[in-house]
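This report is written for a reader who has the sequence and the three-dimensional structure at hand. It describes the fold of one chain and then turns to selected local features.

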Amino acid sequence: MCTTDESRRGRAYAAGLEEIRTGRRTLLKVAGAGGASIALSTVAADPAAAGKVRTPKRAYVLVLDGCRPDEITPETMPHTAALRAGGLHHPYASSVPIMETIPNHVMMMTGVRPDRSGVPANAIFDRTLGVVRDMDRASDIQVRTVIERLNAKGLRTATVLSKEYLYGVFGARATHRWEPGPIIPVSGHAPDAFTMEAALAMLAEHDPHLMFVNLGDIDRMGHTDLTGAVLDLKLLRRTALAATDAQVGRFVAALKASGRWNQSLVIVLADHSMDWSRPDSLIRLQPVLESDPPLAGRFVIAANGGADLLYWTGPDAGREAGVARMIELCSAVPGVLRAHDPRRTAWLRTGPIGGDVVVFCKAGWRFSDPSIQSNPIPGTHGHPTTRPIPFFLAGGHRRVPRGVTASAEAKTLDVAPTLAHFFRLGAPRGGYDGRSRLPVG
Amino acid sequence: MTAEIPESNVRRRTVLATGAAGPAFAGTALGAGASYADRPDHTLFQHGVASGDPKPRRVVLWTRVTPTTQATPGSGKGPQVTVTWQVAKDATLGKVVREGTFVTSASRDHTVKVDATRLEPETWYYYRFLVGKHSSPVGRTRTAPARGATPANLRFGVVSCANLQAGWFAAYRHLAARDDLHAVLHLGDYLYEYGGEGSYAMGRENKRIRAHVPDREMVSLADYRQRHAQYKSDPDLRALHAKAPFIVTWDDHEVTNDQWRDGAENHQPDEGDYLVRRARAHRAYDEWMPVRLDDTARLGDGTRLFRRLRFGKLAELSMLDLRTYRDEQVHTKAPSPVPALEAEVSNPDRTILGAAQLAWLKDSLLPGRPQWKIVGNPVMVAPVSFAQLPTELVDPVNDVTGILPRDGAPYNVDQWDGYTDDRREIFTHIRDHGMRDVVFLTGDIHSAWACDLPFDLATYPLGQSAGVEFVSTSVTSNNLKDITGAPARTASLAVEATIMANNRHIKYLNFDDHGYSVFDLTPARAQMDYYVISDRADARATASWTASWATMSGTNKVHAVDQPVEGR
């Protein structure tokens with residue numbers, strides 16, 4: 001689940017405004033196609049401004065937030081489907097646990113797993129602060145992103161991120177940043193039409209070498225689509241697919257019209273998929289654990305939609321027994337797919353702040369912790385059924401294969417290695433966990 | 001070729017040996033001067049050569065040697081023989097890259113089965129067997145791609161249900177004429193148990209195009225061995241075995257009709273203990289088929305047939321055994337194909353896979369495995385039923401009453417439809433783990449199908465599909481028109497239309513033709529081309545393409561394709 005805790009709302013934007021107010025970033029306001037003002041900020045000390053490196057290459061990462069791969073068809077999303085057909089398609093592509101927005105966007109830009117990046121989920125229990133919080137702070141990312149590595153090489157980077165917590169977690173890393181608006185109060189995101197206006201303005205004003213764009217409508221409409229669990233109708237969702245597809249079409253048209261297409265790599269993917277559940281398919285672990293005397297008062301749950309992260313907060317000496325007990329109790333709850341001890345589940349790699357127990361739900365279910373009101377929305381992700389994502393490389397650059405489909409499994413954490421390969425950055429210290437999806441060469 | 005076996009290749013005693021390095025123990029001594037090649041026209045390699053279960057670095061090679069005219073299959077006669085096997089990259093075996101020797105004897109019906117190792121991945125090889133200067137026919141085989149390879153495609157011939165009494169194996173002949181098959185998937189009913197006048201053969205009259213050997217129902221070990229030998233004497237089957245590696249599973253007729261864990265419809269008390277009979281059948285299968293049981297080519301070390309074969313990152317094939325572990329079929333009040341109303345088909349205590357194979361199959365369908373998850377599936381998994389109700393309604397009713405089959409009233413309870421809880425378990429597992437590109441390749445029912453696999457049958461096509469299923473028709477065994485006696489594409493059309501109208505996930509159905517299929521796999525799609533033969537009673541029958549269906553990666557749904565894949 002993409003948390004909607006109103007108490008946290010606005011913090012990331014406030015931090016951004018502070019950067020502008022104190023002069024660390026400068027602000028440029030440009031008029032969008034509809035006359036709306038678009039705010040783009042630029043880091044004050046821009047190493048790229050000196051033009052140390054000159055390359056015609058351009059890379060654009062378009063994240064169709066929450067899009068399922070089977071939703072991209074010539075009928076539902078003609079522009080996107082055509083783009084996919086003309087490039088390198090990875091039909092076997094996956095989100096990485098926890099299948100949530102923030103960790104997978106971070107994996108895209110870092111190329112490493114959460115145990116290295118430091119960002120395992122949307123929401124964690126912060127033991128230092130003693131609260132469950134979103135991972136929306138720039139300091140949450142513990143490694144250098146490909147954005148910073150490109151900056152260091154003297155290349156211009158840009159983020160155009162529709163969601164507040166993405167704006168927050170990537171912070172001031174990019175040379176140029178969209179200051180999102182307008183923001184829909186409940187969803188905490190900017191509609192795709194405005195996001196794309198900003199992306200096009202960014203293209204025109206700053207021509208970044210790398211632009212990282214998140215289009216949030218498909219995800220947001222998915223979350224709130226009450227027809228998703230009713231015979232799989234997904235009426236709202238279908239509307240969003242068509243609208244977002246139109247925005248993708250605008251972006252490609254702009255690349256071609258401006259002459260950038262032939263130098264461009266366009267990576268299109270989603271951060272996770274989407275599943276729908278009925279109101280009677282709620283899982284509540286809080287009362288189950290709280291009613292168990294050994295656990296009562298000694299645990300905290302960080303809810304992540306289709307995944308609950310459980311933290312042992314009792315004495316250290318009781319941790320092993322507490323973890324075992326949490327796994328035992330959770331495993332017996334209807335709708336739970338599996339409860340994992342991350343230390344003993346090699347593929348999970350959620351790291352030390354990702355919970356002492358990770359519990360996934362089955363398809364068609366969702367968690368609602370700590371209270372039954374905590375998760376009222378039918379669309380959910382975070383659990384394994386939401387692993388499949390679209391993933392393809394497009395663009396006119398000569399290194400982008402044309403009309404090829406690959407069998408290798410691609411993952412969100414392949415984006416950074418692909419960008420590094422494209423710009424010939426090499427691997428960071430410790431190497432990437434993902435791998436480049438460009439052909440060798 | 002005449003057989004003049006050098007003395008050095010023949011031990012002076014007949015022994016029981018389990019393989020090249022197996023222990024030998026006492027048998028019958030042959031008299032000095034006994035002849036091992038007692039007729040000038042005697043042929044040592046009468047049953048051809050075969051290969052199977054390709055892996056990146058190894059493949060099973062098979063033949064049977066007939067050292068004397070008396071050493072007929074199932075006879076228990078004949079001396080121990082040392083056979084040399086050779087592998088090369090050229091058809092003339094000019095440069096042998098691997099070779100070895102193998103000792104066989106009457107104890108294993110003079111079959112030879114070796115796991116040729118240290119081969120190169122994704123490579124065509126040629127092989128032969130030698131006894132002295134006498135050579136077997138040369139066979140061709142191919143290793144699987146390396147674990148990390150990304151092959152552009154895989155192409156399999158797909159066959160099932162070859163009743164020798166019901167016709168000629170023209171389907172095998174036409175597949176053998178192709179040069180583009182990386183392997184042949186045989187999905188079961190490789191041979192049939194029947195024999196004698198009036199036994200299961202062609203059409204309603206059970207006309208026997210060819211009589212089985214022995215001409216009685218196979219029950220003893222000698223019977224099973226002779227029957228295997230007869231099938232491998234068929235020139236069309238021999239040609240196909242020599243052309244490409246086989247990947248096989250058994251269905252029921254390799255033992256006897258409608259077999260289940262502890263019995264079979266076609267096993268009577270006067271035929272002895274069923275499990276003893278099955279052990280004989282499995283022993284003969286292990287001897288005569290180029291397959292690894294319990295993951296080895298050795299005899300007698302187990303009968304686990306379910307196994308995985310990986311083809312780089314493109315695909316993994318999970319071959320199922322749906323006979324050895326299943327519960328008995330539900331006894332229905334009405335005979336098949338009248339839809340069965342017995343809720344027992346959905347009893348969660350009943351299984352078609354068995355607990356171990358169920359867990360193993362679920363493991364095959366987890367993240368981290370190759371792109372396409374192909375399941376070699378002896379009986380149909382797609383529901384074929386009538387009067388379905390949404391699971392949202394059925395499940396609460398059954399919680400109280402247990403009176404409704406979960407997926408409607410099935411017409412054939414010998415399929416997964418008779419064991420719906422295992423199917424629900426697998427499909428739910430697929431959904432819970434976000435798996436895609438699961439393709440079931442199926443035989444058994446003597447007809448050709450292409451289906452989606454709905455999570456909820458009643459509401460489909462609303463809702464999602466767990467994968468797809470392509471069913472290949474029979475090589476010769478009777479289909480609907482043969483049973484009804486109606487001309488092709490007449491009475492069957494109404495039945496097909498009725499089934500498809502009641503089962504909207506079934507997109508293609510052909511109840512009338514015999515033939516084979518070609519399954520082609522690329523990263524973008526999986527495609528099944530359906531070929532039919534002109535007349536199974538005609539040894540020179542022609543073959544023609546009749547339909548193609550495909551699924552695009554990630555869609556879990558089939559669609560029609562207007563032409564077969566190129567290449568032959």
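**Overall form of chain A**

The structure is a predicted model. Chain A contains 12 helices and 22 strands. For its 441 residues, a compact globule would have a radius of gyration near 22 Å, and the value of 21 Å for chain A agrees with this. The C-alpha trace of chain A spans about 65 × 50 × 45 Å along its principal axes. Of the 441 residues in chain A, 63% are buried. The accessible surface of chain A amounts to about 15300 Å², and carbon and sulfur atoms contribute 58% of that area. Among contacts in chain A with a separation of 6 or more, 71% involve residues 24 or more positions apart.

**The ten-stranded sheet**

In chain A, 10 strands form an open sheet of mixed pairing, in the order 1-2-9-8-10-3-11-20-4-21. Its edges are strand 1 (25-31) and strand 21 (404-405) of chain A, each of which pairs on one side only. Strand 2 (residues 37-43) of chain A pairs with strand 9 (residues 176-179) of chain A in the antiparallel sense, over 4 bridges. Within this part of the sheet, Ser41(A) stands opposite Arg177(A) of strand 9 of chain A.

Helix 3 (residues 101-110) of chain A packs on the sheet and touches strand 3 (58-64), strand 10 (210-215) and strand 11 (264-269) of chain A. The direction of helix 3 makes about 165° with that of strand 10 of chain A. Helix 9 (residues 235-257) of chain A also packs on the sheet, touching strand 3, strand 10 and strand 11 of chain A. The direction of helix 9 makes about 175° with that of strand 3 of chain A.

**A hairpin in chain A**

Strand 14 (residues 299-304) of chain A is mostly covered, with 5 of its 6 residues buried. It runs antiparallel to strand 15 (residues 307-312) of chain A, to which 6 bridges join it. Ala303(A) stands opposite Asp308(A) in strand 15 of chain A. The hairpin has 2 residues between the strands, and Gly305(A) takes a positive phi near 70° there.

**Salt bridges**

Side chains of opposite charge can pair when their charged atoms come close. Over all chains, the structure holds 69 salt bridges. Three of them are listed here.

| Glu19(A) | Arg177(A) | 2.9 Å |

The side chains of Glu19(A) and Arg177(A) meet in a salt bridge. Because Glu19(A) lies in helix 1 (residues 11-21) of chain A and Arg177(A) in strand 9 of chain A, the pair ties together parts that are 158 residues apart in sequence. Glu19(A) counts as buried because its relative accessibility is 14%, under the 20% limit for buried residues. Arg177(A) is buried as well, with a relative accessible area of 2%.

Glu320(A) is partly exposed at 41% relative accessibility, whereas Arg344(A) is exposed at 59%. Salt bridges with shared partners join Glu320(A) and Arg344(A) into one network with Arg127(A), Arg319(A), Asp341(A), Arg343(A) and Asp356(A).

In chain B, both Glu271(B) and Arg277(B) are buried.

**Backbone details**

A cis peptide bond, with omega of about -5°, joins Pro97(A) and Ile98(A). Ile98(A) lies in the loop between strand 5 (93-94) and helix 3 of chain A. The peptide bond from Tyr460(B) to Pro461(B) is likewise cis, with omega near 15°. Pro461(B) belongs to the loop between strand 20 (448-454) and strand 21 (465-471) of chain B.

Leu93(B) is not a glycine, yet has a positive phi of about 50°. This residue is found in the loop between strand 3 (81-88) and strand 4 (96-104) of chain B, and Leu93(B) is buried with a relative accessible area of 5%. Asp189(B), also a residue other than glycine, has a positive phi near 60°. It is placed in the loop between strand 10 (183-186) and helix 2 (221-233) of chain B, and Asp189(B) counts as buried at 1% relative accessibility.

Terms used: Residues numbered from 1 in each chain as written. Chains lettered and ligands numbered in written order. Predicted model: local features only at pLDDT ≥ 70, side-chain atom pairs only at ≥ 80, totals over all residues. Heavy atoms only, no water. Pairing = 2+ DSSP bridges. Contact = heavy atoms within 4.5 Å. Axes fitted to C-alpha atoms, helices over the stretch in contact; angles between N-to-C directions. Rg over C-alpha atoms; globule rule 2.2 N^0.38 Å. Buried < 20%, exposed > 50% of the residue type's maximum accessible area, 1.4 Å probe, protein only. Areas by Shrake-Rupley, 256 points an atom, 1.4 Å probe, with all protein chains shown as cover. Salt bridge = Lys/Arg side-chain N within 4 Å of Asp/Glu carboxyl O.
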